[in-house]
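Welcome! Here is a short briefing to read alongside the sequence and the 3D view. Take a look at the model, then follow the topics below.

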2 protein chains.
Amino acid sequence: MSLMDEVLPHVDVRVVAFCLLKERLHVLVCSASANGYELPGAPVLLNCSLEETAARRLGELTGIRETYLEQLYTYGEPQRANPRLISVAYFALLPANRLSKTPPHPACWFAVDALPALTGDHAEIIAYALRRLRYKLEYSAVGFQLLPERFTLSELQRTYEMILGEKLDKRNFRRRILRAGIIEPTTECRTGEGRPARLYRYRPDAVAEVKARRLFP
Amino acid sequence: MSLMDEVLPHVDVRVVAFCLLKERLHVLVCSASANGYELPGAPVLLNCSLEETAARRLGELTGIRETYLEQLYTYGEPQRANPRLISVAYFALLPANRLSKTPPHPACWFAVDALPALTGDHAEIIAYALRRLRYKLEYSAVGFQLLPERFTLSELQRTYEMILGEKLDKRNFRRRILRAGIIEPTTECRTGEGRPARLYRYRPDAVAEVKARRLFP
DNA sequence: ATAATAGTGTCTCTCAGACATTATTTA
DNA sequence: TAAATAATGTCTGAGAGACACTATTAT
């Protein structure tokens, strides 16, 4: 181990990675010893940024290096681990179609509504990440990060419904998302059972945030 | 130094504390060596939580222990200090009337639009805290944390104007804040030049968050 | 009486939310 | 031709935003 590989003591990075699999929202966890499962994590190297650390570990486990990754919260209660550990948590969104096929070894996907037993405060961390995801979904265009580059409006709506856990009205959904101007139609259609659906694509130049309704403007 | 007072290496806590002084939003900074000013901070003790650490330091400098305090972000780029330092930043809101009168020694208040030179990435941290404060102001009732327990509607409006940096319409402001039901009138008035103004108080039982306008409901 | 500040109501326009039918394809 | 999915428009109610005058006090 060279000097550059030296790790910072008492600190690590954890990642809460979401993905839509089989019409349900899933989270990536790793099987720990006999104590149950834990969030995938990594020590912080002396010369490596926190976000890089998270991105690298995510890449190892999923094959996806370039994806939506955002710092979530830093957990540092003295009693959360022994010896004391400060965990900088990130949350990530992965499109299912880009996942590496081979199951990423110590890691596996669980539906968020059927999680296994988790060590320490990791269940709490996942719950907070999910709250944040739902909240962000309502005022930013973060939902596209869970979809392939091209998608139908029905797929997009199902994505929102899966994450929010509620049904949405099809006409209102389409009206608003089209008025928001953040997606554009392509010339292609997705064919299958029923009438073919136009494929849309996210406009990367779009304004991805919507103004919150001010309490006091 | 006992075992309990041992500090974690490579980690500290920083606080961005806001207060309204002389009709302007101010930030608390400490004079560092000759390099300029820095955010007040403290090492993390082995047996002390991150938030406690921030609250204690804030109490030392301002005399206020119980106040609004929220984790902001964790800064951990390898090049931000030497030896490497991870800073967990918090932001705090202080009501001016509860500040201890004596100037808190190495610390002083600067208006956010007239900050001195700051070391490292501390200017960036303040800028981010200010963005977060403005953003939160629009959808939560966080602004009351900067006011005394009783206040007039004009004082409240000026608070919002100072933080947002823009003028607001008096009638619309009053209509919305009263409709929101988060404040209630008291029987007292504040007298002075001009017509006396009714004093209001924040309703701690009020719902302090407003639903953001969904992008896709 | 004058200067200063507090307090109040209406109109317009946009958008959220509820709601049902037609269109196009495959099996 | 039946089953499946895609696509589309209207009405109503709530609230944002623009706007000007009256009320009450101290000096």
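This is a predicted model: local features need pLDDT of at least 70, side-chain atom pairs count only at pLDDT 80 or more; totals for chains, interfaces and linings use all residues.

Helices (H or I, at least four residues) and strands (E, at least two) are DSSP runs, numbered from the N terminus. Residues are numbered from 1 along each chain as its sequence is written, chains are lettered from A and ligands numbered from 1 in the order in which they are written, and side-chain values use heavy atoms, with hydrogens and water left out.

**Chain A at a glance**

- Chain A has four helices and 10 strands, and along the sequence they run β-β-β-β-α-β-β-β-α-β-α-α-β-β.
- Taken along the principal axes, a box of roughly 55 × 50 × 35 Å holds the C-alpha atoms of chain A.
- Chain A splits into domain 1 (9-139) and domain 2 (148-202); such bounds come from an automatic or database domain assignment.

**Backbone details to look for**

- Most residues other than glycine have a negative phi, and most peptide bonds are trans.
- A:Lys22 is not a glycine, yet its phi is positive, at about 50 degrees.
- A cis peptide bond, with omega near 0 degrees, leads from A:Asn82 to A:Pro83, and A:Pro83 sits in the loop between β5 and β6 of chain A.
- In chain B, the bond between B:Asn82 and B:Pro83 is cis with omega about 5 degrees, and B:Pro83 belongs to the loop between β5 (68-75) and β6 (86-94) of chain B.

**Where the two domains of chain A meet**

- The C-alpha centres of domain 1 and domain 2 of chain A are 28 Å apart.
- In chain A, 10 residues of domain 1 are in contact with seven residues of domain 2, where contact means heavy atoms within 4.5 Å.
- The size of an interface is often given as the accessible area lost when the parts come together.
- Buried area here is the accessible area (1.4 Å probe) that two parts lose on being put together, summed over both.
- For domain 1 and domain 2 of chain A the buried area is about 850 Å², with 71% of it on carbon and sulfur atoms.
- On the domain 1 side, A:Leu20, A:Glu23 and A:Leu137 lose the most area to domain 2 of chain A, together 57% of what that side buries.
- One salt bridge is counted between domain 1 and domain 2 of chain A; the term stands for a side-chain nitrogen of Lys or Arg within 4 Å of a carboxyl oxygen of Asp or Glu.
- A:Arg158 and A:Glu23 form a salt bridge through their side chains, at 3.7 Å from N to O.
- β2 (24-31) and α2 (122-139) of chain A are the elements that give two or more residues to the domain 1 side touching domain 2, and α2(A) brings the largest share, four residues.

**Where chain A meets chain B**

- Each partner brings 45 residues to the contact: 45 from chain A and 45 from chain B.
- Chain A and chain B bury about 4100 Å² between them, with 62% of it on carbon and sulfur atoms.
- The side of chain A that touches chain B has 29 nonpolar, seven polar and nine charged residues. In this scheme Ala, Val, Leu, Ile, Met, Phe, Trp, Tyr, Cys and Pro count as nonpolar, Asp, Glu, Lys and Arg as charged, and the others, Gly among them, as polar.

**Around DNA strand C**

- DNA strand C is surrounded by 23 residues, and the closest are A:Asn172, A:Arg195, B:Ser154, B:Lys170 and B:Arg198; a residue is near a strand if one of its heavy atoms lies within 4 Å of it.
- The surface near DNA strand C has four nonpolar, five polar and 14 charged residues.
- α4(A) gives the largest share of the surface near DNA strand C, five residues.
- A polar side-chain atom of A:Arg179 is 3.3 Å from a phosphate oxygen of DNA strand C.
- An N or O atom in the side chain of B:Lys170 lies 2.7 Å from a base nitrogen of DNA strand C.

Definitions and conventions
A polar contact is a pair of N or O atoms within 3.5 Å; within protein, one must be able to donate a hydrogen and the other to accept it, and residues adjacent in sequence count only if both atoms are side-chain atoms.
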